[in-house]
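Here are a few notes from going through the model. Have a look at it first, then see whether you read it the same way.

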Amino acid sequence: MKKQLLLFNLFVLLVCFFNEALGQYTVVNNPINKPGYKLILNDEFNSGPFNDSKWYRQNYYHGEDGAEIQIYVDNLYHIPQNPNYIFRDGKLVLAARKEDPPAEMNSNYKYTSAWFESLAKFKNGYFEIRCKLPLGNSTWPAFWLYTSDSYEKGGHEVDIFEYLGNTPTKATNNLIWMNSKNDGCDCSPNKDRNDYTCHSTGIEFQTPGYPSFADDFHTYALEWSPTFLRFYLDNKVLRTFSNDCRIPRTYMKIIANLTLSGKDGTPPDYSEYSIDYIRAYKKIWCNNFNSKDWSNSYHRRMVGDVNGDGKDDLVGFGWSDVIVAYGYVDNDGPGFRYPHSAIINKDFCYGQGWNVQRDYIYLADVNGDGAKDIVGFGEKGVTVALGEKVSDLQTPQFTTPKLYVSNFGTNQGWNKAYHRRMVGDVNGDGKDDLVCFGWSDVIVAYGYVDNNGFGFRYSRSAIVNKDFCYNQDWNTQRDDIYLADVNGDGVKDIVGFGEKGVTVALGKKVSDLQTPQFTTPQLYISNFGTNQGWNKAYHWRMVGDVNGDGKDDLVCFGWSDVIVAYGYVDNNGFGFRYPRSAIVNKDFCYAQNWDVEKHPIYLADMNGDGAKDIVGFFNDGVKVAYGDKNDNLQTPSFTYNKDYYELNDYGCNVSASTNNGFSTTNDVRLVGDANGDHVNDIVAFGNEGVFVTPFTNCNHLDKISSLKSAKLDSNPKTIENSDAINDENEINIFPNPSNGLFSINLSGKSNKTSNVKIYNSLGMKILDSEIQNQKQFDLRRYPKGLYIININVLDNIITSKLIIE
């Protein structure tokens with residue numbers, strides 16, 4: 001509908017048509033509640049006035065080159081006697097009229113019409129409209145989603161329907177996307193538009209049993225998941241579009257408008273697009289762990305990979321049971337399986353005497369097997385239940401909880417008000433250790449594994465020159481202490497934000513587990529301390545690698561500026577460079593109304609480039625400042641626009657434009673890798689259950705040369721890659737379908753070594769191998785479904801499909 005789009009009749013030449021024979025339709029009027037979803041935006045249009053707190057009415061915009069002959073008139077310039085927005089009989093009518101626009105608009109167009117769009121932006125969900133369409137040449141109504149930042153960042157347009165009144169029994173679903181000119185899956189932000197070209201695909205559908213779409217109200221809907229787009233007409237599936245590159249991974253507005261085409265005949269003097277309702281829903285990924293039944297005062301809710309498959313799982317500590325829902329990915333996308341009790345001998349919960357205010361519980365890998373374990377600092381000491389690598393997602397498994405260390409507990413005098421107790425790998429052996437800050441000593445117990453199994457060695461004082469503890473005037477309510485790798489040697493260091501500034505004791509790689517070792521604590525920066533005006537009640541002070549060089553940096557949120565000091569190592573050793581303001585458009589700070597108690601902020605890699613980003617949950621949604629890979633240590637930099645929300649969701653306000661408010665006291669908003677693509681996603685525990693918004697790992701979307709255009713295969717409900725055709729004269733895959741064990745034969749195509757890449761339905765590369773003539777491959781550990789095989793033979797890409805069942 002924007003100026004980049006072609007005329008409808010020209011666009012038809014680009015798209016593939018299919019007259020869907022779904023049988024007799026039943027016109028539906030769906031209830032407002034949708035199972036498995038939360039309603040986050042709706043307007044039933046029962047009566048006026050127009051809700052300007054949810055929608056923006058377009059003004060002035062019109063098409064170019066004769067493509068559109070109307071001008072949109074908003075609430076400022078509407079003609080009172082001939083409004084373009086009419087409330088009638090519980091419906092909103094968008095009216096297109098033949099008339100001169102208001103004089104203030106200074107337009108020579110001869111028709112006025114209406115366009116409105118959501119103030120909020122959305123990513124994934126279910127979007128539905130119930131409406132009746134106009135008759136007449138050139139009437140061109142649509143209901144669609146559009147990238148809010150235009151095509152410049154690899155944008156998309158998804159037309160849930162477009163319709164031309166010349167052919168009232170037909171309508172189309174369309175997908176228009178921008179990608180780099182080599183047609184690869186380039187999702188990187190801030191690309192120059194000159195590097196992009198437009199691609200499109202569409203499908204036509206009809207109304208069996210009805211004379212036209214103008215004779216009655218129909219329901220048009222889109223289900224948008226991280227891995228597919230599914231279009232519906234009156235609750236029947238029209239098509240499913242699955243593709244690793246073209247599924248939108250950005251944030252989109254909802255738009256409804258009535259256009260008049262300039263190339264499809266003379267339009268009527270008056271036409272109407274009547275809308276009964278518009279609704280948007282958010283998927284509930286798991287209906288357990290909800291804030292109605294779970295309380296932050298008694299129950300912990302966490303995310304972590306407790307079965308070692310690379311996907312973070314949901315772990316909830318209920319009244320008497322530890323409940324786990326394993327993360328998974330199948331052909332319908334990511335999700336969580338079977339929330340079940342995970343520990344036969346129950347522990348770690350309120351019913352067993354554990355207390356959120358008194359005790360610490362972590363998910364950490366203390367035995368180095370790649371699966372997170374439950375580590376609890378309780379009354380008696382340290383209790384651990386080891387996570388187990390399992391493929392059976394129905395039965396979460398941990399070892400029986402065991403008291404491994406009779407120290408660090410409240411019975412031994414440890415108190416959360418005075419003593420920090422942490423977990424991290426401080427000797428670089430791949431196993432997390434216990435690091436506890438007592439009255440006067442930092443005590444470390446190294447994790448180990450020997451022939452007798454797992455345990456902790458020798459709870460010993462770790463720092464000769466004592467620091468970081470209560471008796472050295474460190475205060476849990478005032479100061480911040482982290483375990484982080486600030487010199488990039490693979491060992492966690494102690495980083496403390498105290499009174500005088502930032503003190504660091506570097507961890508050492510040691511094999512002697514009897515004597516924990518750190519360098520002598522040193523004050524590296526006389527900034528970020530309470531003596532310099534920093535206050536834990538107003539300022540976050542964090543540690544994370546925000547320039548992707550492998551060394552954690554200091555990231556501090558002051559009164560009005562985000563200040564960064566990059567970690568470095570040179571011939572003189574380790575240090576921090578130049579504490580400087582890092583974000584030109586200031587945000588995330590007290591002066592911009594950020595509140596430590598209300599607005600969680602994390603450092604997490606949200607785009608897979610290896611640099612951590614700032615992720616903040618503000619009043620009306622999520623803001624992200626992307627860390628820039630930067631070798632210039634004097635000038636910290638982030639890619640950021642302070643006026644731009646990554647997502648109008650997960651905020652702490654229930655705004656007028658959405659129903660998305662999250663409680664600051666009883667909901668939990670986190671980041672974690674829910675789908676295993678090595679990039680963090682939003683994971684939130686809300687009133688209805690668990691919600692997830694996946695972010696995109698650009699580095700895992702390899703540029704697949706076969707992804708050039710789309711067409712329909714013999715199954716009209718699924719879009720496939722146009723080049724994904726197995727040329728039997730070139731390659732042979734057998735058996736196909738298979739159980740995951742199959743062979744590829746090049747049939748004499750080349751005697752030279754060729755490269756084989758295999759991608760799953762998310763577009764993630766799961767195998768990169770070489771082949772000469774014939775080779776067997778084993779994918780039996782991967783989920784059932786469709787896989788794409790790319791074989792580079794003499795610099796020609798041959799693409800085929802593999803089905804594992």
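To what number does the count of salt bridges come?

1. The count comes to 24 salt bridges. Keep in mind that this is a predicted model.

2. Start with Arg-358 and Asp-359, whose side chains meet in a salt bridge at 2.8 Å, N to O. Asp-359 is buried, at 1% relative accessible area, while Arg-358 counts as partly exposed because its value is 24%. Both also belong to a salt-bridge network that takes in Glu-379.

3. Next, Lys-536 and Asp-480 form a salt bridge, 3.5 Å from N to O. Lys-536 sits in the loop between strands E33 and E34 and Asp-480 in strand E30, so this pair ties together parts 56 residues apart in sequence. The lysine, Lys-536, is partly exposed at 27%; Asp-480 counts as buried at 10%.

4. Asp-549 and Lys-551 make a salt bridge too, with 3.6 Å between the closest N and O atoms. Here Asp-549 is partly exposed at 28% relative accessibility, whereas Lys-551 is buried at 16%.

5. Now for strand E27, residues 433–437: five of its five residues are buried. Asp-433, Val-435 and Phe-437 cover one side, with Leu-434 and Cys-436 on the other, and all are buried.

6. What does E27 pair with? Strand E26 (residues 421–424) runs antiparallel to E27 over four bridges, and Val-423 has Leu-434 as its bridge partner. Four bridges also join E27 to E28 (residues 442–450), again antiparallel, with Phe-437 opposite Val-442. A four-residue hairpin connects E27 to E28.

How values were computed. Residues are numbered from 1 along each chain as its sequence is written. This is a predicted model: local features need pLDDT of at least 70, side-chain atom pairs count only at pLDDT 80 or more; totals for chains, interfaces and linings use all residues. Side-chain values use heavy atoms; hydrogens and water are left out. Buried means under 20% relative accessible area, exposed over 50%, partly exposed in between (1.4 Å probe, protein chains only). Helices (H or I, at least four residues) and strands (E, at least two) are DSSP runs, numbered from the N terminus. Two strands pair if DSSP finds at least two bridges between them. A salt bridge is a side-chain nitrogen of Lys or Arg within 4 Å of a carboxyl oxygen of Asp or Glu.
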